[in-house]
Amino acid sequence: MSRGIQVALLSIFFSVIGAWPCGAQSFDIIQVADGVYAAIGKPGVASNGAFIVNSEDVLVVDTHMRPSWARELVAEIRKITDKPVRYVVNTHWHPDHTQGNQAYLNAFGAGVEYLAQHNTREDIIHKAIPSIQQQLTQGVPASIEGFEKALAEGRDAQGNPLTEQTRPQLERQLASLKSYLEELKQIQITLPTLTFERSLILHKRTAAGAERPIHVYFFGKGHTRGDVVVYLPKEKVVVTGDLLTNGIPFMRDAYPSQWIGTLESTQKLDWERAIPGHGGVQQGKGQIEKLIAYMKEMVAGVKDAIAKGTSLEDAKKSLDLRKHAASFPNFQQASPSAIERNWAELTGKIQD
Ligand SMILES: [Zn+2]
């Protein structure tokens, strides 16, 4: 595995261990249309899923970082319907969207079909599965060591003394990491069983018998080289994976120039609510429009810097995107990873 991939995977990992849910429940289950539900990950779970209850079966979108979280979602689905999950869509290969795949096979048997774009299946094999070893041997043990050291010394990573509030938080995080380490030893990611290049449509019916086509589209590269969106034209709902989140999405595996077109194709679909990869359910197209505006300006700035012969380091210092700060809770002035990745894309440095 290349150093770049290792760094990217560690970044994903640390982005999802920042906090842990306080209660036993990992998701807020939100009905967004008749038979259509968002599973919004609570802090610490972070990544979202969705499920669609049809007349005969259930389709699930994305499976989270931990199989135990996927099992929790199975329990939530069973509170709502006794129909079996027959389809799991992986919007892309990242571990926080695929590592729970096996939970559906275990719960519903060999009839479950796993749907993904061709590239996502390849990337699960060549990136997500190797990343488990990376997490097992490096990422998680290093984090556990960090927490144990902080607790032993009575100071956090910044050197601040632990308080009555912060010590129990760290103890909970440490316990959670240890249980994640045990889960990692058992994970065998179930691979997509049905892959496609551009699109497919499942011709389903609602519980009430109405027609419910479920469209799955690959519009081009974006957050990864295999992102798909799940679109329900009758319900006017789209499930976007990490092409759209409530902030600036993770960029280290991205193709920012091509992402703009992928977002514009998604925006053109007729929908009123979006279930994003991270963050709450979005009403209307405001957030996707903000992301398109940000990406266009960032890509134009990088193109301009390359044309003028500016260095990457100077471009990172000079490209001023602050007017977009209010659009994204995680905004960083220089957006260094976005600029770096776009630079690599535009100068032909990305191999796949
Ligand atoms: Zn992702």
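This is a predicted model: local features need pLDDT of at least 70, side-chain atom pairs count only at pLDDT 80 or more; totals for chains, interfaces and linings use all residues.

Numbering runs from 1 along each chain as its sequence is written, and side-chain values use heavy atoms, with hydrogens and water left out.

**Whole chain**

Colour by secondary structure and you'll have ten helices and 13 strands (DSSP runs, H or I of at least four residues for helices and E of at least two for strands, numbered from the N terminus). The radius of gyration is 20 Å, close to the 20 Å that the globule rule gives for 352 residues, so the protein is as compact as a globular protein of that length. That radius is taken over C-alpha atoms, and the rule is 2.2 Å times the number of residues to the power 0.38. Along the principal axes, the C-alpha atoms fill a box of roughly 60 × 50 × 35 Å.

Of the 352 residues, 55% are buried (under 20% relative accessible area; exposed is over 50%, partly exposed in between, using a 1.4 Å probe and protein chains only).

**Into the cores**

Select Phe 51, Val 60, Ile 77, Val 85 and Tyr 104: these have the most contacts inside the largest nonpolar core, which has 39 residues. Such a core is a set of buried Ala, Val, Leu, Ile, Met, Phe, Trp, Tyr and Cys residues joined through side-chain atoms within 4.5 Å. Elements supplying at least two residues each include strand E3 (49-53), helix H2 (67-80) and helix H5 (118-153). H5 gives the most, with eight residues.

Now centre on Val 60. Which residues is Val 60 in contact with, leaving aside neighbours within four places in sequence? Show Ala 50, Phe 51, Ile 77, Val 85, Tyr 87, Val 88, Val 89 and Tyr 104; contact means heavy atoms within 4.5 Å. Apart from this core lies another, of 32 residues, among them Trp 259, Ile 260, Ala 274 and Trp 343.

**Two loop stops**

Pick Ala 46, in the loop between E2 and E3. Ala 46 isn't a glycine, yet has a positive phi of about 70 degrees, and at 22% relative accessibility it counts as partly exposed.

Last, jump to Lys 236, in the loop between strand E10 (229-232) and strand E11 (237-241). Lys 236 is no glycine either, but has a positive phi of about 55 degrees. With a relative accessible area of 24%, Lys 236 is partly exposed.
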